[in-house]
Amino acid sequence: MSGALLEMRDVTKVYPNGVMANYKVRFSLREGEIHAIVGENGAGKSTLMKMMFGMEEPSEGEILLRGEKVKLASPQDAIDRGIGMVHQHFMLVPSFTVAENMVLGMEPKKGLGIHFAEAVRMTEEMSRKYNLAVDPKAKVENLTVGMKQKVEILKALLRGAKILILDEPTAVLTPQETEELFRELRLLKDQGHTIVFISHKLKEVKAICDRITIMRAGRSEDAFRTADVTEQEISRLMVGRDVVLKYDKEKREAGETILAVRGFSLAGSAGSRLLSDVGFTVRAGEIVGIAGVEGNGQTPLVEALTGSLAGTAVGGSVTVKGADILRADIRAIRKHGVSYIPEDRMRQGAAGEASIADNLISTQYASGKLGGGMFMNGGKIERLAASLIEAFDVRCSGPKQPIGMLSGGNMQKVVVARECSTEPDLLIAEQPTRGVDIGAAQFIHRKLIELRDRGCAILLVSADLNEILELSDKLLVLYEGRVTAYFEEPSAVGEEELGLYMLGINRQDPEQIGRAVHR
Amino acid sequence: MDSLWSVIWSTDFAFSILRVTTPILFAALGALISNRAGIINIGLEGIMLVAALTGVVTSAYTHSAWVGLLCAVLSGVMIAGILAFFTLQFKTHIILGGIAINMFASGGTVFFLYLLSGDKGASSSLQSKVLPNVDIPLLKDVPVLGPILSGHNVLTYASIAAVFAVYYMMKRTPLGLRIRSVGENPHAAQSVGVSVVRTQYTALLLSGLLAGLGGAYMSMGYLSLFTRDMTAGRGWIAIAAESMGRSTTVGTTLTSFLFGAANALANALTVLKIPSELIATFPYAATVIGLLVYAIGESRKRKKAAVKPNEG
């Protein structure tokens, strides 16, 4: 076991907004291997990769390259040290030719101008050497996704990359293109390159990688030899719970149906299917959880429920208390008693520069309760804000403080307070505790349970298994836009079992899934 | 009506198109470079105005038109540098920065004009120099073409040369490639080590240089003195020309000439019995109509692209 080519020792990354993305992560890359980093979204894969490529600097810990401590302050530092990266969103200029993209920033010169013939020759040479067929004179905007990826790989190789980081390279490829990519990667490996392969598709990881590092909740497990672990074991390590939260939740009979989604299918642009035949109901006084690896239809579903429908509904219905809400605007939907805690509190959930009080009243200022006519009743607003700040234990200097100055947890408490304060009939909570410290998360969980006990129907969408298994009365799993499982007793479901459904390895029969729809 | 045709179908009119287009063309090329770098320089109007005054004042004090030209161009670069410093370093919004430059230029030039010449309207009391006109040997004796193309101010020829220089720079040089990459996908540029801020700095300084040349031409070629607000919206027309020319060198040049022709027409029509106030609106009306036509074309193209299959 010779020394590692690249090693990350106890690397911790805390972002300025207080989110701890990586905690004492250890990662060791051997020369000439294909090494997978797997984990769910939010597990810290991309942060780890950004630190490897100099896009972020670690808050603590060190990075060693060939046994030597290095500081990667920018992508240029990483490139200079032979680390290349193929981003998930390609870093290409669409109107440029392949050759122009290849040489950007290191253009061969003839006199004052660029030596275009030389650029084409360099591209052809690299293309032949690594058996990655591209047309140097084609415009990038006319290339297929698979071709663009080849250009990206060649670009990194042209800049002398010996270590190649691929961020979810197969997410955008067809199965045939994926096969081709794997052949190319094996060839690169044979030529002495080392590859870091980031993915959450376990079949692919098993097919191509030598070793595998599993990330979960910002921490890393030791690396395994891929041959030594089964897909099931990997999935258990990926989604397993570490701290078990327990809440005293009394059993309740569910009441009447509030939200009903029936046979709902949604088409995106270019005819892609975002959701296929999704059906479930949420009744008064119950929490229905939707689990799944991110990007399996949760976002379009929530958008459809909250009046931001993207794409075309091609079948089915979405009703709240019997009223169709698919084509209703946001205010109309809220009038039906629907509240929404959005996933992204910075962009959607709060207005960062506005005060806590202004944020708190933003869903009800138009109702007339806070003063009618031209002016708002400042005293009423202040009293409302002060009582909510107290009830939700928001740590702040007062209702007038800009919300953007609060920590993530306290900001989220304000959002939750606002959405709960209108006594909704239906609450849609999307990743309500993401990036929030444990204390605040538990507080928010208790508030959600309180709301449920008061008879509110809650739809909880979360990638956090811990949260979803503990809070949900009923549980659905989404995979590739379809419901693949429905559980009536989520607390009795093992994480491992759930993981198999989330990763599309197992799927229940339609009859079982159909039970999610109540009258 | 006959007299109108006789005005338009004359070599004088064709000559005047070139003469009138020069400042618009300079500024439009400046707008092109900065816009392609993704940072639209709306301070062009102000930069031209400052350069126009600087040229007049320095040429008067040094008794040299060339020193005046140099100082005018440097002042253009300097103002663009100030704009770049505030927008790129301190992240002032480029629109606010540009407005500040324009307002400063409009008031500041009058202030300095008054300070130096004691006149708030024009610099007629300053003995400023004028850049020479150039007769092109051989060409000047060719009928029709000679009177149109020969005998222009040296900066008019420079503006034509600038078209070729900008074309070559944008298409064939590393700087041009970087400017275009920064404007189109700054992340891509950054990921290969191209500094976005430095490239935008360069682009803004170059746009200041070109606008400076345009300003110098206004007061040392087109006219032989500085008058308050003499650029009269040419910087804005240039931005419109660049936009309508779809940010290409060829397109921008053609639309600059189109607007120049509208301007020349307005000048020519003053000999007819049409109210001069109405005529004065002509170049601006042409700009609005031009932009409208362009916008309609663009939205049609977008609609076409939207129904094209297999596009994300």
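Rings of Phe, Tyr and Trp (its six-membered ring) pair if their centres lie within 6.5 Å, and planes under 30 degrees apart count as stacked, over 60 as edge-to-face and the rest as tilted. By this rule, the structure holds eight aromatic pairs over all chains. This is a predicted model, in which local features need pLDDT of at least 70 and side-chain atom pairs count only at pLDDT 80 or more. Residues are numbered from 1 along each chain as its sequence is written, and side-chain values use heavy atoms, with hydrogens and water left out.

**View 1. Phe182(A) and Phe197(A) form an edge-to-face pair.** Their rings are 6.0 Å apart, centre to centre, with 65° between the planes. Phe182(A) belongs to helix 6 (residues 175-190) and Phe197(A) to strand 10 (residues 194-199) of chain A, 15 residues apart; helices (H or I, at least four residues) and strands (E, at least two) are DSSP runs, numbered from the N terminus.

**View 2. Phe487(A) pairs with Tyr501(A).** The ring centres are 5.6 Å apart and the planes stand at 70°, so this pair is edge-to-face. Because Phe487(A) lies in strand 23 (residues 482-487) and Tyr501(A) in helix 17 (residues 495-502) of chain A, the pair ties together parts that are 14 residues apart in sequence. Phe487(A) counts as buried at 8% relative accessibility, and Tyr501(A) counts as buried at 10%.

**View 3. Phe85(B), Phe86(B) and Phe90(B) are linked into a cluster by ring pairs.**

Note on methods. Chains lettered and ligands numbered in written order. Buried < 20%, exposed > 50% of the residue type's maximum accessible area, 1.4 Å probe, protein only.
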